[in-house]
Amino acid sequence: MIGDKKVLFSGMQATGNLTLGNYLGALSNWVKLADEYECFYSVVDMHSITVRQDPAELRSRARKLLCLYIAAGLDPEKNCIYYQSHVSGHAELAWILNCFTYMGELSRMTQFKDKSAKHADNINAGLFTYPVLMAADILLYQADVVPVGIDQMQHLELTRDIAQRFNALYGDVFTVPEPYIGKVGAKIMSLQDPAKKMSKSDENPNASIYLMDDPDTIMRKFKRAVTDSLGAVRYNEEEQPGICNLMDIYGACTGKSRQDIESKFEGKGYGDFKTAVGESVVEKLRPLQEKMEDLAKNKDYIDSVIKNNAEKAQYFANKTLRKVQKKVGFPEKIR
Ligand code: TYM
C-alpha cells in the first residue's frame with residue numbers, strides 16, 4: 001500500500017513497434033485501472049538489451065514508448081512513468097533474487113525457449129535470467145496487481161513463487177502480486193497466422209497493426225487478414241480462429257459482446273465485417289496518434305516527467321531494497 005491505495009506495476013519493452021496487441025492486452029487496461037491504484041509504469045529498457053539493439057534506435061523508441069503511455073491517457077502527475085534503467089534498484093534487487101531462483105525454473109520459461117530458438121547466435125545469460133529482472137521490477141514496488149496479456153502469465157507465476165520463497169525464509173518482505181488479465185484482448189493473434197500471437201517482432205508487417213499505422217494501412221491490413229471459407233461471423237475457436245481474433249479486436253474496440261457481434265453481422269460477408277473491424281481500430285487509435293504528435297513538440301515537458309518520476313520511483317524502490325538487503329545480511333551503510 002502507498003497511502004490508502006494498493007500498488008500497480010507494469011511495463012513494456014521498447015523493442016520494435018508497439019502493436020494493437022500491446023494496446024488491447026495491456027495499455028488500455030492500465031488506463032482503466034489508473035485511478036484505483038498507485039501506479040508505476042515502466043519503459044523496461046534493461047530488458048530490451050537481452051536481444052541486440054541499435055543504441056540510438058533503442059533510445060529513440062524508449063522515449064516514444066514513454067510518450068505513448070501518456071498519449072494513451074496515463075497522467076504522469078498521478079502515475080509514475082519512468083525508464084527502468086534510471087532506477088538502479090531494479091538491477092540490485094534482480095541480483096539478490098537471482099540467488100533465490102532455480103535454473104530449472106528458468107529453463108521452463110516458454111519465452112526463453114522461443115527467444116533462444118530465434119536468436120541462436122546470442123543465447124546470453126540475460127535472456128535466461130530475464131524473468132528474475134521482471135520479478136524484481138514488480139516486487140521492488142510491492143505491487144499488488146500487475147496488468148498484462150496472457151503471454152506474461154508464466155513470468156507472473158514465477159514472480160509469485162520467488163516472493164513466497166523469500167517470504168518463507170525471511171518473513172513478510174514482499175507483497176505477493178496478482179495478475180490482472182483483461183476480459184477481452186488479452187491475447188490478440190497475428191492477422192496472417194491466427195495460431196501465433198501478434199508480435200512486435202513479426203517479420204511480416206501485414207501480421208500486426210502498429211499503433212502508429214495510418215488509417216489506409218490499417219484498413220488494408222484488415223482486408224488481407226486470414227479468415228476461412230465458412231463465410232459466417234461466429235465465435236468458433238476450432239474452425240474459425242481468424243474470425244475469432246477479429247471478433248476479439250472488434251469487441252475490445254467497441255465494447256460489443258460476442259453475441260452482439262454475431263447478430264450484427266448475421267448474413268453479412270467477411271468483407272463488411274473486416275471493414276467494420278478496421279474502422280473500429282482506426283477510431284480507437286486516432287486520439288492516441290493525435291496526442292503523440294502534440295507530445296513530440298513538447299520536449300521540456302517530457303524531460304521533466306522523466307526526471308521527476310525517476311526520482312519518485314527510486315524513492316519507493318530504495319525502501320524495499322533496504323529492507324531486503326538487511327534481511328539477507330548485507331551490512332548497513334554508515335551515513
Ligand atoms: P512486452 O513488451 O512483450 O509486451 C507488453 C505488454 O503487452 C502484452 N502483449 C499482448 N497482449 C495481448 N495480445 C498480444 N498479442 C500481446 N503482445 C503483447 C504483454 O502481455 C505485456 O503485458 N516482459 C514484459 C515486460 C515487463 C513487465 C515487467 C511486464 C518487464 N517487466 C513487469 C509486467 C511487469 C514484456 O516483454 O512485455
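**Close-up views of a predicted model**

**View 1. Helix α10 and the helices around it.** The buried residues of α10 pack against α1 (20-33), α9 (215-223), α11 (258-264) and α12 (270-296). The model is predicted, so local features need pLDDT of at least 70 and side-chain atom pairs count only at pLDDT 80 or more, while totals for chains, interfaces and linings use all residues. Residues are numbered from 1 along each chain as its sequence is written, and side-chain values use heavy atoms, with hydrogens and water left out. Contact means heavy atoms within 4.5 Å. Helices (H or I, at least four residues) and strands (E, at least two) are DSSP runs, numbered from the N terminus. Twelve of the 14 residues of α10 are buried, so this helix is largely enclosed by the rest of the structure. Among them are G242, I243, C244 and N245. Buried means under 20% relative accessible area, exposed over 50%, and partly exposed in between (1.4 Å probe, protein chains only).

**View 2. The length and end of α10.** Helix α10 covers residues 241-254, and at 1.5 Å a residue it should span 20 Å. The expected span is 1.5 Å times one less than the number of residues in the helix. The end C-alpha atoms of α10 are 20 Å apart, which agrees. Just after α10, G255 takes a positive phi of about 80°.

**View 3. Strand β2 beside β1.** Six of the six residues of β2 are buried, so the strand is largely enclosed by the rest of the structure. From β2, E38, F40 and S42 point one way, and C39, Y41 and V43 point the other way. Strand β1 (residues 7-12) runs parallel to β2, and six bridges join them. Two strands pair if DSSP finds at least two bridges between them. M12 has V43 as its bridge partner in β2. From β1 the chain crosses through α1 to β2, and this β-α-β crossover is right-handed; that is, with the strands pointing away from the viewer, the path from the first strand over the helix to the second runs clockwise.

**View 4. Strand β3 beside β2.** Strands β2 (residues 38-43) and β3 run parallel and are joined by four bridges. Y41 has I81 as its bridge partner in β3, and V43 has Y83. C80 and Y82 point one way from β3 (residues 80-83), I81 and Y83 point the other way, and all are buried.

**View 5. N206 and its contacts.** N206 lies in the loop between β5 (178-180) and α9. Its relative accessible area is 17%, so N206 is buried. N206 touches L191, Q192, R220, K221 and R224, not counting residues up to four places away in sequence.
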